Amino acid sequence: MASQAPRSTYDHHRDRLAAYFDGTARKAWIDLTSDAKVGGIRATVRAGRDRMRTMLLDWLPQDLRRTSLLDAGCGTGALSGQAACRGAEVTAVDIAAGLVAIARERTPSFLGHGRIDWHVGDMLDPALGRFDHIVAMDSLIHYPLDEMVATIAALADRCERSIAFTFAPHTTLLGVMHGIGQFFPRGNRSPALVPVAEDALRRRLETLPGWEIARSERVVSGFYTSHAIELVRRG
């Protein structure tokens, strides 16, 4: 039987995130993921996200032709576009319809051998299909440990080769910076991150049947701190 995230709390968090990214944060997020001039705090976040996206793409095979990829929480579509240009058949999904609309507008006119199928909805929707690779960049950072692990387990049931995801690591510095961030105007803040202890997360992931932890790396850039873990199929 496929593993399932706890739907009541998962749905609550998902719906809050959809409202945020389609509401007050939409303009700020569009600017953050473009070349528009932004303030110092957002500039560090942009630089960190660029580094993280590049690293996650580097963890994938260079030649992605005849390879299916789920971009779980695609946002404005930068990772999807780069993966498609390397030949991937990308299914890009996000709960925020406004961000997906921007992603469609920004899709490169030439994607080489690849393509992108855009969706507004839930990354756990089984109708999206099965995939060779799944990437969830900064789309699980608002969920507590139990929900995060259950969500990863549900994604793993639909993945053949690798899963790369990020989480907000539980560090003293991140806690202090997150506390400071609460004093900024709401337009400068994202929904609350839920810091997760890396050791606790690793212990839970080690019990995931058929999977093992491969690469692991942290990106720190000013107000952006995110840790990536890659899971690969055993054997």
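## A buried leucine and some salt bridges

Skip the neighbours within four places in sequence, and Leu 57 is in contact (heavy atoms within 4.5 Å) with Leu 79, Gln 82, Ala 83 and Arg 86. Keep in mind that this is a predicted model, where local features need pLDDT of at least 70, side-chain atom pairs count only at pLDDT 80 or more, and totals for chains, interfaces and linings use all residues. Residues are numbered from 1 along each chain as its sequence is written, and side-chain values use heavy atoms, with hydrogens and water left out.

Back to Leu 57, which sits in helix H3, residues 40–59. Helices here are DSSP runs of H or I with at least four residues, numbered from the N terminus. Is Leu 57 buried or exposed? Leu 57 counts as buried because its relative accessibility is 2%. For that label, buried means under 20% relative accessible area, exposed means over 50%, and partly exposed is in between, using a 1.4 Å probe and protein chains only. Leu 57 and Val 135 are 78 residues apart in sequence, yet their C-alpha atoms are 8.9 Å apart in space.

Now for the charged side chains. How many salt bridges does the structure hold? There are 9, with a salt bridge taken as a side-chain nitrogen of Lys or Arg within 4 Å of a carboxyl oxygen of Asp or Glu. Among them are these:

| Salt bridge | N to O distance |
|---|---|
| Arg 65 and Asp 63 | 2.8 Å |
| Asp 146 and Arg 204 | 2.9 Å |
| Arg 202 and Glu 198 | 3.0 Å |

Take Arg 65 and Asp 63: Arg 65 is partly exposed at 37% relative accessibility, and Asp 63 is partly exposed too, at 38%.

Asp 146 is exposed, with a relative accessible area of 51%, while Arg 204 is partly exposed at 31%.

Arg 202 and Glu 198 stay within helix H8, sitting 4 residues apart, or about one turn of the helix. Arg 202 counts as partly exposed at 24% relative accessibility, and Glu 198 is also partly exposed, at 21%. Which residues end up in one network with them? Salt bridges with shared partners link Glu 198, Arg 202 and Arg 218 into one network.

Terms used:
Helices (H or I, at least four residues) and strands (E, at least two) are DSSP runs, numbered from the N terminus.
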